[in-house]
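Visitor: I would like to go through this model label by label. For each label, please set the value against its cut-off.

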Amino acid sequence: MRRLVVGPRVCFATLKRAQPLDTAMYTGKRERPCCLCRNPETSHRLDLPPRAIEAMARSGRISWRDVVGEVSLYFCESDWETVEELALEVGMNPIGKCNAACADFDLREDFEALTNEVRGRQDQDAIEEEMLAAAKETRQAHEAGETVEARDLVEARVTVWTIADLREEQPAD
Ligand SMILES: [Zn+2]
């Protein structure tokens, strides 16, 4: 649980910068703004299992159970540096600071959600297991001294920490 909380000494310098609420471009491109500061210029992306939405900031209105496929978060260059430092050096999960409203994901249509609810859950569980297994593999490769891209290791750590914390919080689900 403690991993979800970003301590007061960690400074997301850009977090407090005033930004208009919706600077997200609508160019038909899938790319979303930085999930920490809404800067439309992003340099890195993390792909996470649908349930990770629950751990993000402002996720209240999004039903992660209706999400199809993975959830992507984008980061600008300077916030990425902070995220990398947190995940790789400090050992903290930045997910709680990431704005779910800036995440990229697909939602099932309402009708489809009603008729295929059971199948949807199975698909989601399968995606989660698959992404978790891949993340653990990446982590083990790193621990075994293999060369792992920093970005891949960040994604692996955030995936493992986030899912572990969420499962701990909701053992019944
Ligand atoms: Zn940013």
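Guide: Start with the elements: helices (H or I, at least four residues) and strands (E, at least two) are DSSP runs, numbered from the N terminus. By that count, Val-83 lies in helix 1. This is a predicted model, where local features need pLDDT of at least 70, side-chain atom pairs count only at pLDDT 80 or more, and totals for chains, interfaces and linings use all residues. Residues are numbered from 1 along each chain as its sequence is written.

Visitor: How many helices and strands does the chain have?

Guide: The chain has four helices and three strands. From the N terminus on, the order is β-β-α-β-α-α-α.

Visitor: What makes Val-83 count as buried or exposed?

Guide: The neighbour count decides. A residue is buried if 20 or more other C-beta atoms lie within 10 Å of its own, exposed if 12 or fewer, and partly exposed in between, with C-beta atoms placed from the backbone. Val-83 has 26 C-beta neighbours inside 10 Å, so Val-83 counts as buried.

Visitor: Which residues does Val-83 touch, not counting residues up to four places away in sequence?

Guide: Two residues are in contact if their C-beta atoms, placed from the backbone, lie within 7 Å. On that test, Val-83 touches Phe-75, Pro-94 and Val-154. Arg-151 is 68 residues from Val-83 along the chain, and their C-alpha atoms are separated by 9.8 Å.

Visitor: Why is helix 1 called roughly perpendicular to helix 4?

Guide: Two packed helices are described by the angle between their axes and the distance between the axes. Axes are lines fitted to C-alpha atoms, for helices over the stretch in contact, and angles run from 0 to 180 degrees between N-to-C directions. Helix 1 (residues 77–90) and helix 4 (residues 150–169) have axes that come within 9 Å and cross at roughly 65°. That makes helix 1 roughly perpendicular to helix 4. The classes are: under 35 degrees roughly parallel, over 145 roughly antiparallel, 65 to 115 roughly perpendicular, the rest oblique.

Visitor: What is the handedness of the crossing of helix 1 and helix 4?

Guide: Helix 1 passes helix 4 in a left-handed crossing. A crossing is left-handed if the near helix is turned anticlockwise from the far one by less than a right angle, and right-handed if clockwise.

Visitor: Which residues meet where helix 1 contacts helix 4?

Guide: Helix 1 brings Val-83, Glu-84, Ala-87 and Leu-88. Helix 4 brings Ala-150, Leu-153, Val-154, Arg-157 and Val-158. They divide into seven nonpolar, no polar and two charged.

Visitor: Why does Ala-150 count as partly exposed?

Guide: Ala-150 has 13 C-beta neighbours inside 10 Å, so the label is partly exposed. Ala-150 is found in helix 4. It touches Glu-84 and Leu-88, leaving out residues up to four places away in sequence. Ala-150 and Glu-84 are 66 residues apart in sequence and 7.6 Å apart in space, C-alpha to C-alpha.

Visitor: How does the reach of helix 4 compare with the expected span?

Guide: The expected span of a helix is 1.5 Å times one less than its number of residues. Helix 4 has 20 residues and reaches 28 Å from its first C-alpha to its last, close to the 28 Å expected.

Visitor: Why is Cys-35 called buried?

Guide: Cys-35 has 30 other C-beta atoms within 10 Å, so Cys-35 is buried. Cys-35 lies in the segment before strand 1. Its contacts beyond four places in sequence include Leu-73, Phe-75, Cys-98 and Cys-102.

Visitor: What is the phi of Arg-38?

Guide: Most residues other than glycine have a negative phi. Arg-38 has a positive phi of about 65° although it is not a glycine. With 20 C-beta neighbours inside 10 Å, Arg-38 counts as buried. Arg-58 also has a positive phi, near 55°. Arg-58 has 14 C-beta neighbours inside 10 Å, so it counts as partly exposed.

Definitions and conventions: Ala, Val, Leu, Ile, Met, Phe, Trp, Tyr, Cys and Pro count as nonpolar, Asp, Glu, Lys and Arg as charged, and the others, Gly among them, as polar.
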